[in-house]
Each structure stands twice: as C-alpha cells, then as structure tokens.
Amino acid sequence: MSQSPLLTSKTRIPSDYTIQVKGTPVEQTPLSSKYHQKQQQLWQHPDAQYRQVPPYRPINKFLDKKSRPWGSNPVETVFVFTMFQGVWLKSGKASNNCGSLAGLITYIIHTWHQQILELGWAFLQKLSTAMMASPEIRTPPIRNDLHEIIPDPSNNLTFHKNVSIPLKSSPLPIRANIYIPLSPSSSSSSNSSEPKKYPVLVTYGPYGKDIPYATFHPASFAQVNPEHKSKYSAWETPDPVYWTREGYVVVRADERGLGQSPGLLDTMSRGTSDCFFDVIEWCAEQDWSTGKVGLLGVSYYAGSQWRVAARRPKGLSAIIPWEGMSDYYRDRCRHGGILSNKFISLWWQRQVLINQYGLPNRANLKLPSAANYGPGATGQEDTLEGDLPEEVLASNRRDQTKDNEANFFRDDAYYATKDYNLEDIQVPLLSVANWGGILLHLRGNVIGYMNAGSEFKYLRFITGRHDLPFYYAEEVEIQKSFLSAFLKGIDRDGWSTPGKIPPVTLTVRKGDDVGYNDAEKERAAYAKRSESEWPIGRTQYKKFYLGGDGGLREDVRDNQERKVTYQALGTLDNPQAVQFTTKPFDEETELTGHIVAHLNVSVTPDNTIPNETPPASQTRKRQSPDIDLFLTLRHLSAKGTEIFYTGTAGDPVPLCKGWLRVSNRKVNTNSKYNKPWLPHREYLSTDIQEVNAGEVYSVDVEMWPTNVVVGKGERIVFEVSSGDTQGSGVFQHCSEIDRYVLSVSLFSASVPICTSRHRSFFLLSWFVTAFFR
C-alpha cells in the first residue's frame with residue numbers, strides 16, 4: 001500500500017495516537033494463512049504497521065498505564081478509536097489532551113518537538129477537524145486469544161468458535177463461528193497434501209452467532225423440519241450440520257457492535273455493510289475455501305444480501321435473499337412516507353439491543369413473560385472481552401427507533417446513506433417472496449428481483465409463516481440446486497443456462513377453506529405455477545370505480561358527484577374506515593400482480609374536536625394539514641365471511657395493503673421505474689406538496705403485489721382508512737411523533753372520497769387489479 005506523503009520514514013506518529021503491533025496476529029494460521037503470509041511482508045516497516053491496521057491488536061502505552069475502574073466492572077481500560085483519512089487512530093485521552101485545536105497543537109508540539117515543521121499547519125487543521133467530527137468507539141482491550149477449535153466427529157465437522165476476521169478500515173475485528181466439514185469435498189484436489197476446499201455460505205447479522213435457535217424462539221424451533229435442527233441451529237440462518245454435510249463451509253458472523261464483534265452498532269447502515277463486504281472477501285481467500293461464496297438467510301440475513309451484493313465483493317457468486325426487504329425506506333421504515341414504528345421498536349428492544357457488544361450480564365437476561373412467545377435474543381454469552389458501562393454502550397450505538405422518528409425523507413442524511421443501486425447487483429439471484437408478508441418483506445423481494453442487474457435472476461413466491469418455509473424439504477431442495485449450480489459448478493436443473501428454468505414461480509392461493517397458519521393445508525392446497533416474466537405478460541388491467549353507495553364496479557352508473565367521509569387518525573383499536581365491495585364474481589378469476597388506487601381526497605377540519613398542543617417531542621411542524629391514507633384489499637367468501645391468509649407471525653391477514661401521506665403525493669413520472677401499475681416516488685424533502693383544507697387532491701397509491709383466485713360468488717372489498725386496520729398486527733404506524741408531525745388539524749378532520757361519472761378520469765377513484773382470465 002502506498003504511504004501518505006506526510007508519513008515518511010522520518011516522521012513519527014505521536015505515541016498517544018500510534019497503533020502498534022503487539023504479539024501474534026489475531027487469527028491462527030490454519031484459518032487465514034494466505035492473509036497472514038501477505039501481512040508478514042508488511043511487518044518489516046513501522047509505517048506499514050501503522051497503515052495496515054488489521055489484524056493487529058491496537059495498544060496505547062499511555063492509556064495502558066491508566067486504569068479506569070467502573071465499580072465491579074472487570075474492564076479497567078477502554079480504547080477509543082477514531083477514523084482519519086481511512087485509517088483508525090486510537091485516542092482514548094484525546095478529550096484531555098486535545099479538546100480543542102490549540103490543545104491538539106500543544107500536545108503535538110510537546111510530543112514531536114522539531115517534527116512539527118515537517119507536518120505543516122494544513123495537516124494539523126485536518127487532523128483536528130477529523131478528530132472532533134468522527135465517531136469514537138470505546139471498547140475493552142481487544143483480545144487475540146478467543147479462537148477455539150472444537151472437533152465434532154459426531155456431526156462430521158470442525159467447529160471454529162470466535163474467529164476474528166480482520167477489516168480493511170478498522171482495527172476492530174468481526175467475530176464469526178466457522179463450521180468446516182470433516183469429510184473430503186468433491187471439489188478438492190486429488191493431491192492429499194493440499195488442504196480440502198469447499199464453497200462457503202455466509203450469514204452476517206445482529207441476532208447472535210452463539211444464541212441457540214431453541215432459546216431465541218422456542219415455539220418456532222419446535223416446529224422446524226428435524227433435518228435442520230441441531231445444537232448449532234440459529235434463528236433465520238442455515239443449519240451448519242445439514243449444510244456441512246452437503247459440502248459447504250458455514251460462516252456465521254456477529255454484526256459489528258453485536259454479539260462478540262466490537263464496534264459501532266448501526267444496523268442496516270453503509271458502515272456495517274462495509275464490514276460484511278470484508279467478511280465475504282476474507283472467506284473467499286481462506287485455505288479451506290474454493291473462492292466461491294454464497295449468501296443464504298431469512299429476513300435481516302436476506303435484506304443485508306441486497307446491499308452487500310451491490311458492492312460486488314470478490315468471491316461472491318450467488319445470493320438467496322429469502323423474505324428480505326431491498327428498500328430500507330419504502331419496505332421497512334416509512335410506508336408511503338408514514339413511519340411503521342411498532343415493529344421496529346419491538347425488534348430493536350427484543351432482538352438487537354439486548355445483544356449489544358459489552359452489555360453487562362447478557363447471559364442472564366430474560367424477556368418479560370408476556371412476550372415469551374415471540375423471538376428474542378436470550379441465551380447469549382457474555383462479552384468475552386468484558387462489559388461496558390451504560391454511557392459507553394449508548395455512545396457506541398445508533399438507535400434505529402430514534403433515527404427513524406427524527407428523519408422523514410430519503411434525502412435526509414440518515415436514509416440517504418443507506419441507499420444503493422439494485423442494478424449494481426450482478427451475481428446470480430434467487431429472490432423468495434412470501435405473499436403473506438404484506439407489511440415488511442414482500443415488496444422488497446419483488447422490486448429487488450425486477451431491478452437487479454443479474455443475468456441469472458429468479459423470483460419465487462411462497463406462503464406460510466415467516467420462520468418455517470425456509471426449512472421445508474421442498475424449499476431446501478431448491479436452495480441446494482441453485483447454490484450447487486453457481487458455487488459448485490454442478491447444474492443439474494439448468495439455472496445457469498439462459499431460458500432453461502422459468503424465472504418466476506408462483507404459489508397460487510385458491511380455496512376458501514384452507515384457513516391460515518396451517519402449513520400442511522397450504523402446501524397441499526396451493527399449487528405452484530411457472531411464469532416467464534414479472535409482471536405476468538398476459539395481465540389485463542381493469543378499472544373498478546368507487547361508488548357513493550359503497551359499491552365497487554367496472555361500469556359507472558352514478559352520474560352525480562358524491563363523497564363519503566370518515567374520521568382522521570384512526571387506530572387499530574379504533575379504526576376509522578370506509579369500504580367498497582364488488583358484486584359477486586360471475587366466474588372464477590385470478591388476481592396476480594400490482595395494484596394502484598387512484599383516489600380523489602380532501603380534508604375538512606372538524607370543529608367539534610378541541611385543538612390540542614402538539615407534543616414537545618415533535619421534530620418537524622407545519623402549518624398545513626395532511627392526510628394519511630391506509631388502503632386494504634380483502635376477500636369475501638360466497639357466504640360473506642372474510643377469507644384470511646397466513647401473515648408473517650402466523651396471524652390472519654387480508655390480501656394486501658398500501659399507504660400514502662398525501663403531502664408525499666408527487667410521482668416522478670420521468671423515472672424509468674415509474675409504471676402505470678407502479679407509481680414511483682422519490683420521497684424527497686424537496687418534493688413535499690402542500691395540503692390545504694377543502695381542496696381535492698388526486699393521488700395514485702401503490703398497493704403491494706398480491707395473488708388470489710376469487711371463486712364464483714365471492715367478492716373483493718376495497719378499504720380506505722385513516723390508520724391501521726385488521727391485518728396490521730405488530731406492523732403498526734402509531735408513532736405520536738410521526739402522526740403529529742403536521743398541524744393538529746390532521747387529527748381532527750374528515751376525509752371525503754369524491755366520485756364522478758364524467759369529466760377527467762382524475763376525478764374518478766379506482767384501483768387496478770391484475771391478471772383476469
């Protein structure tokens with residue numbers, strides 16, 4: 001690596017900011033020999049030791065002499081790391097010595113004496129600015145003796161626990177558990193003196209590589225396919241015993257700032273994706289690796305795949321994002337611009353925060369008894385390098401719940417840094433979407449497939465709960481076949497042959513007696529069908545018009561302009577909605593595809609409700625009102641009862657939902673992503689359009705894709721509401737801060753839906769259904 005022109009052989013870095021080599025490398029040679037052979041060449045030069053930070057243990061002689069006792073906390077030293085020009089510097093006591101530019105200059109003059117003239121005033125200004133603006137991460141002393149090698153002949157694997165994977169831009173390692181087959185690989189050389197090599201399956205996430213599935217979600221683990229249950233099983237990840245038996249190395253890494261991985265806890269960020277990138281490239285270089293890496297996992301372990309694949313790490317050869325969002329803003333956090341806060345809060349508290357690196361007494365944490373039925377990061381081991389006090393833990397994390405409430409638009413720095421281009425994904429891709437994931441992952445899997453740049457890409461729709469189908473025998477066969485084609489070069493089904501396998505596989509939901517959360521009934525009743533494209537090319541888009549009488553019809557009979565109203569600020573406990581219902585269908589009809597609702601809406605202040613003072617926590621106030629639209633499509637049986645489908649948590653859900661905050665109504669009609677059946681919004685702060693009381697606004701609302709066969713005599717219901725309604729489950733939009741982001745008139749309004757038979761179509765309220773036959 002080339003040196004900075006300011007770091008000549010005569011230039012010495014001040015001792016309080018020096019990263020030095022101490023002892024042996026973090027990793028043992030058998031697991032990373034190629035990497036360390038390359039590092040050995042760099043150990044000859046002191047400046048090379050400074051520039052090539054990983055995999056050394058950074059030390060600070062000055063701080064090592066100063067203990068920092070925190071009561072009974074066993075850690076007496078906390079290291080502070082700050083990034084400067086791509087290199088992590090260790091500072092620790094910087095606040096005492098360098099609390100200002102003058103203090104920094106005084107310190108450097110005292111330490112460097114005559115060397116100050118060689119550096120120059122410009123360098124000091126840059127250094128001071130970087131030290132004060134960059135994040136600081138405080139950790140206990142980083143240990144290099146955590147790696148354990150545990151032979152497990154009963155499971156035919158070797159378990160390497162707490163392997164420290166070096167990062168390119170940080171001295172802090174990512175810790176991983178690695179499972180290597182004991183039996184020879186078919187891809188290994190016939191020369192027995194060479195190490196056996198295997199393709200690698202990697203997961204990188206927040207839920208704890210050491211937390212057993214059986215304690216993370218006991219009820220779920222009890223229902224997992226027995227072939228994928230072992231003492232190494234972990235939530236939403238491939239089982240190591242099964243996959244090592246299939247000839248893969250399994251690498252399960254703790255995300256930065258979580259489990260045993262020190263660093264900044266900043267989930268779904270560019271920074272943590274950078275770490276994932278390094279983990280993949282490291283895996284591709286190991287002696288036990290063929291150089292081909294695949295990604296396989298559910299939910300978070302799927303969503304992270306999109307982001308890192310767009311970075312194109314060396315060795316990445318295939319990805320299977322199984323029920324994983326691809327758009328952080330649109331899929332997860334802000335549906336139509338409205339904050340989906342409840343799930344994020346539960347997820348953060350139960351599955352992430354309690355697994356933070358350095359959290360005291362982690363091994364003994366218990367979740368409230370009332371919540372024991374859901375997933376939670378219990379059963380973790382304590383941080384091996386020691387605990388951290390609460391103030392340090394707080395400074396070492398970015399709270400996703402607070403960040404989402406404080407930011408509203410995609411051009412806010414928080415959301416902008418999480419953006420990436422799906423077209424940059426070039427590796428073979430199998431995107432698996434669940435029709436029941438109507439509030440989190442479904443959209444991301446579909447849009448991810450549509451916009452990825454991969455030559456070989458496939459979209460598969462499934463049903464069932466979020467946790468179990470990943471382990472179904474028939475679905476695992478699909479995973480194995482796909483990965484074998486691109487990681488082993490054994491393609492028995494034709495994944496790597498253009499046109500050999502249809503790119504889209506549907507699960508067709510048909511029948512009013514299947515029920516929900518019954519895996520066996522669904523697998524027996526819902527047939528699979530292949531398609532050659534998505535959306536389906538033979539789709540016929542039909543307009544259904546909303547009538548003032550509550551009807552939903554293809555023709556327009558009402559010649560009068562009417563309106564129907566409902567109260568604003570509805571909730572799941574107190575829904576405020578209006579519904580429009582079709583007549584019974586004359587023949588069996590399939591709806592498969594995207595849905596758009598074109599509505600004409602307005603807001604009228606309700607003077608019967610007294611004005612209230614907005615909460616003090618309100619972060620952005622506007623003088624104009626707004627309208628939050630919550631849309632739902634429901635399916636009624638011939639008997640008039642609603643037919644429910646299996647949701648993410650096994651809960652009953654309708655066909656699909658959609659949302660829009662009307663001030664976000666601007667559509668980018670010039671975008672290549674904008675379609676008649678899929679309006680494309682940028683959700684930028686510069687796109688906000690005012691909403692005035694009494695004015696009618698025409699809006700196109702995206703509803704998430706769906707599939708259903710509507711039987712003869714059955715009906716469809718289109719619902720418009722001002723808040724969450726049945727089917728929202730834990731994915732509610734109930735933040736007082738976000739729902740109070742505008743003036744109080746938003747919460748004391750009635751919203752009319754205007755309908756008219758004549759004049760411009762923009763005066764008509766309609767939605768599009770897809771694929772009638």
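Cys734 is partly exposed, at 39% relative accessibility; here buried means under 20% relative accessible area, exposed over 50%, and partly exposed in between, with a 1.4 Å probe and protein chains only. The model is predicted, so local features need pLDDT of at least 70 and side-chain atom pairs count only at pLDDT 80 or more, whereas totals for chains, interfaces and linings use all residues. Residues are numbered from 1 along each chain as its sequence is written, and side-chain values use heavy atoms, with hydrogens and water left out.

**Overall architecture**

- The protein has 21 helices and 31 strands; helices (H or I, at least four residues) and strands (E, at least two) are DSSP runs, numbered from the N terminus.
- Of its 773 residues, 60% count as buried.
- The accessible surface of the protein comes to about 30100 Å², and 51% of that surface belongs to carbon and sulfur atoms; accessible areas come from the Shrake-Rupley method with a 1.4 Å probe, and for residues only the protein chains shown count as cover.
- Among contacts between residues at least 6 apart in sequence, 77% join residues at least 24 apart, where contact means heavy atoms within 4.5 Å.

**Cysteines**

- The structure holds 0 disulfides, a disulfide being a pair of cysteine sulfur atoms within 2.5 Å.
- Cys333 is buried, with a relative accessibility of 0%, whereas Cys734 is partly exposed at 39%.

**Helix 11 and helix 12**

- Two packed helices are described by the angle between their axes and the distance between the axes.
- The axes of helix 11 (residues 270-285) and helix 12 (residues 300-309) come within 9 Å and cross at roughly 80°; axes are lines fitted to C-alpha atoms, for helices over the stretch in contact, and angles run from 0 to 180 degrees between N-to-C directions.
- Helix 11 and helix 12 are therefore roughly perpendicular to each other; angles under 35 degrees count as roughly parallel, over 145 as roughly antiparallel, 65 to 115 as roughly perpendicular and the rest as oblique.
- Helix 11 contributes Ser273, Phe276, Phe277 and Ile280 to the contact, and helix 12 contributes Ser304, Arg307 and Val308.
- By class, this contact of helix 11 with helix 12 has 4 nonpolar, 2 polar and 1 charged residues; Ala, Val, Leu, Ile, Met, Phe, Trp, Tyr, Cys and Pro count as nonpolar, Asp, Glu, Lys and Arg as charged, and the others, Gly among them, as polar.
- The buried residues of helix 12 include Tyr300, Tyr301, Gln305, Trp306 and Arg307.

**Backbone geometry**

- Most residues other than glycine have a negative phi, and most peptide bonds are trans.
- Trp534 and Pro535 are joined by a cis peptide bond, with omega about -5°; Pro535 lies in the loop between strand 16 (527-531) and strand 17 (542-546).
- Asn156 is not a glycine, yet has a positive phi of about 60°; Asn156 is located in the loop between strand 4 (148-152) and strand 5 (157-165) and is partly exposed at 34% relative accessibility.
- Glu323, also not a glycine, has a positive phi of about 55°; this residue lies in the loop between strand 10 (316-322) and helix 13 (328-333) and is buried, with a relative accessible area of 3%.

**Buried loop residues**

- Gly647 occupies the loop between strand 24 (645-646) and strand 25 (652-653) and is buried, with a relative accessible area of 0%.
- The C-alpha atoms of Gly647 and Gly436 are 4.6 Å apart, although 211 residues separate the two along the chain.
- Apart from neighbours within four places in sequence, Gly647 contacts Gly436, Gly464, Arg465 and Val653.
- Ser663 sits in the loop between strand 26 (656-661) and strand 27 (697-710) and is buried at 4% relative accessibility.
- Not counting residues up to four places away in sequence, Ser663 touches Asp626, Asp687, Ile688, Gln689 and Val691.

**Partly exposed sites**

- Asp419 lies in the loop between helix 17 (413-416) and strand 13 (429-434) and is partly exposed at 38% relative accessibility.
- Asp419 and Arg307 are 112 residues apart in sequence and 8.4 Å apart in space, C-alpha to C-alpha.
- Ala394 belongs to helix 15 (residues 390-395) and is partly exposed, with a relative accessible area of 36%.
- Between the C-alpha atoms of Ala394 and Leu265, 129 residues apart along the chain, the separation is 9.6 Å.
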